[in-house]
Amino acid sequence: MKWSYRGLIAVTTLVVTSFSLSGVHAEAYRKHAVVSQQGDASDIGRDAMRSGGNAVDAAVATAFALAVTHPAAGNLGGGGFLVAFDASSGKVFTFDFRETAPSGSTPTMYLTPEGKLKPGHRAGPRAAGVPGTVRGLALAHKRLGSRPWADLVRPAAKLARDGFVISGTLARGLNAQLFDPQKVDRADVPEDLGANADRLAHFEASVKAYRHPEGRPWREGDRLIQTDLANTLDRIAANGPDEFYQGETAKLIVAHNEKLGGLITAADLAAYQAVERNPIHGQFRGFDIYGMGPPASGGILMMQMLNILERFDLAADGPKHPRTLHRITEAMRRGFFTRATEIADPDRVEVPIEKLISKAYADKLAASIGEKAIPSAELAPFRIEHPEGTDTTHLSTIDGKGNAVALTYTLEEGYGCKSVVAGAGFLLNNEMGDFNLRPGYTDALGRIGTKANLIEPGKRMLSSQTPTIVLKNGKVRLVTGSPGGRTIPNTTIWVVLNTLEFKLSPREAVDAPRTHHPWFPDVIALEGKSWPEETLNALRERGHRLKTGGIQGDAHSIMVDLDSGVIHAEADSRRKTSRSSGD
Ligand code: DON
């Protein structure tokens, strides 16, 4: 199926407005738009649409470009999920390119004989699952793309070969990974670095790929050139995805794993398949919500939480009222209990999707929500794992025909397992940590040991990713999603509620402070410090434990004004490098 572009000729109005709120440049477009974590990558996606490509082409081109310009999360060596709306058929398609456990993996591979987690389960190739990104982008492109594959990959190769100008954020991120924190200018080192022993600096090929040619710390405005990565991208452009899984790149991945004790074999790579799955679909107040099914938990969580919340008149109280925050928290608590106990790789575990997203089930869950917090332990006797890392990335695209893509992909933690494949110039993920690593064991830190998400060769690990598309009467109203580990579904539901329920402006819907409750730890995390003391006290009186501060998520979203047709492509201001692009 290909999308047609004849209708585009009629569209003549270009950028409509350009304005700035909260220090972020927000743009409204008439024709097509991309919003992602890095401006050069958004421009490459826009260019794909200027050359006649559609929203999927734009998403594929942007994702390859982010693998160059946003190395902490943009990737070739990771995995993710893509949700696409095809305007010509009115259908939503979803693609799962989650990593899989290598054939040599076992449920207890990261444990000592005493049952403790081994050091190094987060760094080095042994932490990596078999990457899915290149097959996933290729599958989405084959099903729905319209431009030649090579045209979508080559701009990224050029960026890697010629280099691009790095932001202060990327300079600080790379310096933190490459230098002893004691020896670089403190201003260049994030606060939390001291404790992180697993860094790019520990891997020879990673240092080669990312150090400044003069060996000094990076500065804003420097140019980062990645020649090995450029060569890899050129091979993928010329030879297609098989290059990554069976060609020269595959050989480099296998040699790297053999040298550094990783488990990914040539057979694992050759066997890897991206999968087209049925979307999760439900309705919320007359809007059609489409999300990603398992092994992503985001779609089920989003639908279950919205079904619960539809039972209450949240808009009457407004988004910051303690009763609204209480109700949303209780929906999150129940959604995350579902996540911990019911959701995993659907090819290995039966996930009762229909039940979990049914209105009848939501009625039962909603009826259990009263005026007071219910302790999470009353739902079941488990706690949740330690928080996940802070680097995944989400992008949204829409084209002139009304096709749209929500794409979230990741290396898991920032810079994944920190180990660049020697000679190939890209990082491998450390996604194996998204499995439940201690079978049957639940500790005070809240690690989950439930069976559904234990390691098995070839299995996909559970994910929180939540790429989401909302339609109204068959037209795109909202495209959203976010990074942020377990906060992802909760960040995304805030953008959805802010838009559909509280009717905030596009900019406000992204900017507004968010909350997170992951079932365990049994604490509401309220973003930022702007919460009035009386709101916090009212929540405490309802029995909630609270923490405030920090930032939550990075939800680059597109909202379409269905009356005027104006496309609002809202880069999230929480990460400074993000930017939209469009016409
Ligand atoms: O798939 C998942 O749920 C996680 N690996 C996502 C990690 C993440 O979002 C880290 N970044 N912000």
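Analyst: Arg98 forms a salt bridge with Glu99, with 3.9 Å between the closest N and O atoms; the term denotes a side-chain nitrogen of Lys or Arg within 4 Å of a carboxyl oxygen of Asp or Glu. Both Arg98 and Glu99 are buried, that is, under 20% relative accessible area, where over 50% is exposed and anything in between is partly exposed (1.4 Å probe, protein chains only). This is a predicted model, in which local features need pLDDT of at least 70 and side-chain atom pairs count only at pLDDT 80 or more, while totals for chains, interfaces and linings use all residues. Residues are numbered from 1 along each chain as its sequence is written, and side-chain values use heavy atoms, with hydrogens and water left out.

Arg98 also faces the ligand: one of its polar side-chain atoms lies 3.0 Å from an oxygen atom of the ligand. Such a pair is a polar contact, meaning N or O atoms within 3.5 Å; within protein, one must be able to donate a hydrogen and the other to accept it, and residues adjacent in sequence count only if both atoms are side-chain atoms. For Glu431, a polar side-chain atom is 2.6 Å from a nitrogen atom of the ligand. Gly485 takes part through its backbone, a polar atom of which lies 2.7 Å from an oxygen atom of the ligand. Taken alone, the ligand exposes 340 Å², and the protein buries 100% of that area; accessible areas come from the Shrake-Rupley method with a 1.4 Å probe, and for residues only the protein chains shown count as cover.

In total, 16 residues surround the ligand, and the closest are Asp391, Thr392, Glu412, Glu431 and Asp434; a residue is counted as near if one of its heavy atoms lies within 4 Å of the molecule or strand in question. By type, this shell divides into two nonpolar, eight polar and six charged residues. Here Ala, Val, Leu, Ile, Met, Phe, Trp, Tyr, Cys and Pro count as nonpolar, Asp, Glu, Lys and Arg as charged, and the others, Gly among them, as polar.

Another joins the side chains of Arg333 and Glu330, at 2.8 Å from N to O. These two residues lie three residues apart, about one turn, in helix 13 (residues 322-342); helices (H or I, at least four residues) and strands (E, at least two) are DSSP runs numbered from the N terminus. Arg333 and Glu330 are both buried. Asp572 and Arg574 form a further salt bridge, at 2.9 Å from N to O. Asp572 counts as buried because its relative accessibility is 0%, and Arg574 counts as buried because its value is 13%. Elsewhere, salt bridges with shared partners join Asp43, Arg46, Asp47, Arg50, Arg579 and Asp583 into one network.

As for the chain as a whole, it has 18 helices and 20 strands. Buried residues make up 63% of its 583 residues. Of the contacts (heavy atoms within 4.5 Å) with a separation of 6 or more, 72% are between residues 24 or more positions apart. The accessible surface of the chain comes to about 20,900 Å², of which 52% belongs to carbon and sulfur atoms.
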